[in-house]
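Here is a briefing for a reader who is new to this structure. Please look over the sequence and the model first.

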Amino acid sequence: MIIWINGSFGVGKTTIAETLKMKIASAIMYDPEKIGEFLFNIMPEKKDDFQDYELWRILNFEILKNLSKSYHTIIVPMTITNKTYYDEIIGNLRNNNIVVKDFILTATKNKIIERLDKRENSTEWAYEQVDRCIDVFDKNFEGYKINTNNDTVEDISLKILDILKN
């Protein structure tokens with residue numbers, strides 16, 4: 001099973017993923033951004049967003065498909081706002097009979113900005129994406145939506161674990 005944790009930059013995806021990894025025996029965490037960083041460094045054609053590289057989507061699909069053969073649970077904290085790209089990875093995984101559970105973490109703009117302010121590595125680009133992400137996840141994506149405004153990391157993790165049990 002793949003647990004995909006989607007949501008705006010700064011909403012808490014990685015924090016929740018790390019907590020889930022500690023709670024789920026033998027789970028591994030996979031970060032698709034590593035492939036994006038690699039492609040940024042080698043591709044002659046520069047793009048603003050590494051997700052725009054078709055190769056990024058192909059590689060992540062193939063890596064996750066192959067990892068799912070060896071690992072029972074893979075946790076993926078990754079923002080994908082482009083529905084076509086989402087379908088190219090997650091839709092194709094499902095078409096290969098791989099169970100993907102989608103979780104979309106949500107929060108108010110003020111809460112997300114507050115969290116980005118506390119992060120050491122927040123970029124201007126991440127701040128610029130907040131409104132777009134909130135809008136996209138409010139309208140265009142299905143999945144288990146979890147509002148993170150007032151809950152602790154522990155509370156959110158337990159909500160996800162409860163959903164996974166059912």
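The points below are grouped by topic.

This is a predicted model, in which local features need pLDDT of at least 70, side-chain atom pairs count only at pLDDT 80 or more, and totals for chains, interfaces and linings use all residues. Residues are numbered from 1 along each chain as its sequence is written, and side-chain values use heavy atoms, with hydrogens and water left out. Helices (DSSP runs of H or I, at least four residues) and strands (DSSP runs of E, at least two) are numbered from the N terminus. Buried means under 20% relative accessible area, exposed means over 50%, and partly exposed lies in between (1.4 Å probe, protein chains only).

**Asparagine 6**

- Asparagine 6 is found in strand S1.
- At 2% relative accessibility, asparagine 6 is buried.
- Asparagine 6 is in contact (heavy atoms within 4.5 Å) with residues including Lys13, Met78, Ile80, Tyr86, Phe103 and Phe141, not counting residues up to four places away in sequence.
- A polar atom of the asparagine 6 side chain lies 2.9 Å from the backbone nitrogen of isoleucine 80.
- Asparagine 6 and threonine 106 are 100 residues apart along the chain, and their C-alpha atoms are separated by 9.0 Å.

**Nonpolar core**

- In soluble globular proteins, nonpolar side chains tend to be buried together.
- A nonpolar core is a set of buried Ala, Val, Leu, Ile, Met, Phe, Trp, Tyr and Cys residues joined through side-chain atoms within 4.5 Å.
- The largest nonpolar core has 49 residues.
- Ile2, Trp4, Trp56 and Leu64 touch the most other members of that core.
- Leucine 64 touches Ile2, Trp4, Tyr30, Ile74, Val76, Ile89 and Leu93, leaving aside residues up to four places away in sequence.

**Aromatic pairs**

- The structure holds seven aromatic pairs.
- Rings of Phe, Tyr and Trp (its six-membered ring) pair if their centres lie within 6.5 Å; planes under 30 degrees apart count as stacked, over 60 as edge-to-face and the rest as tilted.
- Phenylalanine 9 and tryptophan 125 have ring centres 5.0 Å apart and planes at 70 degrees, so this pair is edge-to-face.
- Phenylalanine 9 lies in the loop between strand S1 (2-7) and H1, and tryptophan 125 in helix H6 (residues 124-139), so the pair ties together parts 116 residues apart in sequence.
- Phenylalanine 9 is buried at 14%, whereas tryptophan 125 is partly exposed at 33%.
- Phenylalanine 50 and tryptophan 56 form a tilted pair, 5.5 Å centre to centre with 50 degrees between the planes.
- Both phenylalanine 50 and tryptophan 56 are buried.
- Phe40, Phe50, Tyr53 and Trp56 form one aromatic cluster.

**Salt bridges**

- Side chains of opposite charge can pair when their charged atoms come close.
- A search of the whole structure finds eleven salt bridges, each a side-chain nitrogen of Lys or Arg within 4 Å of a carboxyl oxygen of Asp or Glu.
- Glutamate 88 and arginine 57 meet in one of them, at 2.6 Å from N to O.
- Glutamate 88 lies in helix H4 and arginine 57 in helix H3 (residues 54-70), so the pair ties together parts that are 31 residues apart in sequence.
- Glutamate 88 is partly exposed at 27%, whereas arginine 57 is buried at 7%.
- Aspartate 102 forms a salt bridge with arginine 94, with the closest N and O atoms 2.2 Å apart.
- Aspartate 102 is buried at 8%, and arginine 94 is partly exposed at 35%.
- Aspartate 151 and lysine 159 form a salt bridge at 2.4 Å, N to O.
- Salt bridges that share partners join Lys111, Glu114 and Lys118 into one network.

**Charges over rings**

- A charge sits over a ring if NZ of Lys or CZ of Arg is within 6 Å of the ring centre and within 35 degrees of the ring normal.
- Arginine 57 lies over the face of tyrosine 85, at 3.9 Å from the ring centre.
- Lysine 83 lies over the face of phenylalanine 141, at 5.8 Å from the ring centre.

**Positive phi**

- Most residues other than glycine have a negative phi.
- Serine 26 is not a glycine, yet has a positive phi of about 65 degrees.
- Serine 26 sits in the loop between helix H1 (13-23) and strand S2 (28-29), and is exposed at 56%.
- Asparagine 97, also not a glycine, has a positive phi of about 60 degrees.
- Asparagine 97 is in the loop between helix H4 (83-95) and strand S4 (100-106), and is exposed at 73%.

Note on methods. Polar contact = N/O pair within 3.5 Å; in protein donor to acceptor, adjacent residues only side chain to side chain.
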